[in-house]
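Visitor: I would be grateful for a close look at one part of this protein. Please begin with the pocket and then place it in its surroundings.

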Amino acid sequence: MFTGIVEATGKVISIEKHGANKTFWIESSISSQLHINESISHNGVCLTIEEIQNNTHKVTAIKETIEKTNIEEWQPSDMINLERSMMINGRIDGHIVQGHADCTANCNEKNETNGSWEFTFEFGKKFAPLIIEKGSICVNGVSLTAFNVKKKKFTVAIIPYTFEHTNFCAIQKGSRVNLEFDVLGKYVQRILSMKKSAT
């Protein structure tokens, strides 16, 4: 479980393909502090630490994960947002994030607005019921507030600190990102769909 508050960024050092899976070595300032079998959010995707060497760590994405995220597009030297799992005895500064990306979205617009940035993303229409105006959305592992919400689009505002300390600085028009919708909205949608199917 995560909060969507990025702790550090990492750099993809190498990629290996093993059948339908992909293994990544990531270099970061927190890699040496991690533990084998620890769950870490990588661009909003929960991956398990398999090996640690000095300031790098190894993770593997299976076919299911690759198909539902932008991991297929990761290349050596790409910047990845990293977050360790939340601690129960601390404040939750973002929102509850599972690290289970629901889908990907394309960046349609990137605009600088006098010191901050606004990004507009387009996603699959079947996920439209899971996002609301001023609701929480997780983009590449970053907890954000959605506004200008349409059927298949939403906008987020990025402050300078977030822009400089996450990979939002590398997102351009046409970039594909990972989305995780608010888990509370998913449960509400499930309950309503079950009631509807029962009638």
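How many residues line the largest pocket, and which of them lie nearest its centre?

Guide: In this predicted model, the largest pocket is lined by 16 residues, and those nearest its centre are Ile5, Val6, Val142, Tyr161 and Thr162. Its volume is about 330 Å³. The greatest contribution is that of S11, with four residues. Sorted by class, the lining comprises eight nonpolar, seven polar and one charged residues.

One of these contributors, S1, leads on to the sheet. Strand S1 (residues 8-18) runs antiparallel to strand S7 (residues 79-84), and four bridges join the two. Within this part of the structure, Gly10 stands opposite Ile80 in S7. Both strands belong to an open sheet of seven strands, ordered S4-S3-S7-S1-S2-S6-S5 with antiparallel pairing. Strand S4 (45-48) and strand S5 (51-53) each have a single partner strand, so one side of each is left without a neighbour in the sheet. On average, neighbouring strands of this sheet are turned by 40° against each other, direction ignored.

How values were computed:
Residues are numbered from 1 along each chain as its sequence is written. This is a predicted model: local features need pLDDT of at least 70, side-chain atom pairs count only at pLDDT 80 or more; totals for chains, interfaces and linings use all residues. Side-chain values use heavy atoms; hydrogens and water are left out. Two strands pair if DSSP finds at least two bridges between them. Axes are lines fitted to C-alpha atoms, for helices over the stretch in contact, and angles run from 0 to 180 degrees between N-to-C directions. On a 1 Å grid over the protein atoms alone, a cavity is a set of points where a 1.4 Å probe fits but cannot get out, and a pocket is an open set with protein on both sides within 12 Å along at least five of seven lines; lining residues have an atom within 4 Å of a point. Grid points are joined across faces, edges and corners, and a volume is the space filled by probe spheres set on the points. Ala, Val, Leu, Ile, Met, Phe, Trp, Tyr, Cys and Pro count as nonpolar, Asp, Glu, Lys and Arg as charged, and the others, Gly among them, as polar.
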